[in-house]
Amino acid sequence: MSELAASMMELYHMGFNSYPWSGPAYEGTERLALQMGLLHAIGESEHPARVFFLRDIVESRFSSRAVRLSAVAALAKTGS
């Protein structure tokens, strides 16, 4: 999973503007689910940058509360 974590972090930071959503009505829900899923997977990985990445999301004022709480949960799994 560690080899995929870098790609997941890059996808998260580049944004999801070109991501193929099911439609405008579902974009918000799908975006939140994708963000939370990526954070969970990154937290489970052994990638050396995962702690810094997740801390950045937790401290970000641009992310929703649900996303920040997901990052906190993922960060807790790392033991940091």
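# Reading a predicted model

Biologist: Where is the place of Arg68?
Modeller: Arg68 lies in helix 4. The model is predicted: local features need pLDDT of at least 70, side-chain atom pairs count only at pLDDT 80 or more, and totals for chains, interfaces and linings use all residues.

Biologist: What makes a run of residues a helix or a strand?
Modeller: Both are DSSP runs, numbered from the N terminus: helices are H or I with at least four residues, strands are E with at least two. By that rule the chain has four helices and zero strands. From the N terminus, the order reads α-α-α-α.

Biologist: Which elements have the lowest and the highest mean pLDDT?
Modeller: Helix 1 (residues 2–14) is lowest at 86, and helix 3 (residues 50–59) is highest at 93. pLDDT is the predictor's confidence in each residue, from 0 to 100. The chain averages 89, and 98% of the residues score at least 70.

Biologist: How do you know what Arg68 touches?
Modeller: Contact means heavy atoms within 4.5 Å. Not counting residues up to four places away in sequence, Arg68 touches Ile57, Val58, Ser60, Arg61 and Ser63. Its C-alpha atom is 9.0 Å from that of Met36, at 32 residues apart in sequence.

Biologist: Why is Met36 called partly exposed?
Modeller: Buried means under 20% relative accessible area, exposed over 50%, and partly exposed in between (1.4 Å probe, protein chains only). Met36 has 30%, so it counts as partly exposed. Met36 belongs to helix 2 (residues 27–44). Leaving out residues up to four places away in sequence, it touches Ala66 and Ser70.

Biologist: Which residues does Gln35 touch?
Modeller: Apart from residues up to four places away in sequence, they are Tyr12, Phe16 and Val67. Gln35 and Tyr12 are 23 residues apart in sequence, with 7.0 Å between their C-alpha atoms.

Biologist: Why is the pair of Phe16 and Trp21 called edge-to-face?
Modeller: A pair of aromatic rings is described by the distance of the centres and the angle of the planes. Rings of Phe, Tyr and Trp (its six-membered ring) pair if their centres lie within 6.5 Å; planes under 30 degrees apart count as stacked, over 60 as edge-to-face and the rest as tilted. Phe16 and Trp21 are 6.2 Å centre to centre, with 65 degrees between the planes, so they are an edge-to-face pair. Phe16 is buried at 2% relative accessibility, and Trp21 is buried at 16%.

Biologist: What makes the pair of Tyr19 and Trp21 tilted?
Modeller: Their centres are 4.7 Å apart and their planes stand at 50 degrees, so the pair is tilted. Tyr19 is partly exposed at 36% relative accessibility. The structure holds four aromatic pairs. One aromatic cluster is formed by Tyr12, Phe16, Tyr19, Trp21 and Phe53.

Biologist: What makes a set of residues a nonpolar core?
Modeller: The members are buried Ala, Val, Leu, Ile, Met, Phe, Trp, Tyr and Cys residues, joined through side-chain atoms within 4.5 Å. The largest core has 19 residues, of which Tyr12, Leu39, Phe53, Leu54 and Ile57 touch the most other members. Helix 1, helix 2, helix 3 and helix 4 (65–78) each give two or more residues to this core. Helix 2 gives the largest share, five residues.

Biologist: Which residues is Leu54 in contact with?
Modeller: Beyond its neighbours within four places in sequence, they are Leu39, Gly43, Ala71, Ala74, Leu75 and Thr78. In the whole chain, 38% of the 80 residues count as buried.

Biologist: How do you know that the radius of gyration agrees with a compact globule?
Modeller: The radius is taken over C-alpha atoms, and the globule rule is 2.2 Å times the number of residues to the power 0.38. For 80 residues a compact globule would come near 12 Å; the chain has 12 Å, so the two agree. Along the principal axes, the C-alpha atoms fill a box of roughly 40 × 25 × 15 Å.

How values were computed. Residues numbered from 1 in each chain as written. Heavy atoms only, no water.
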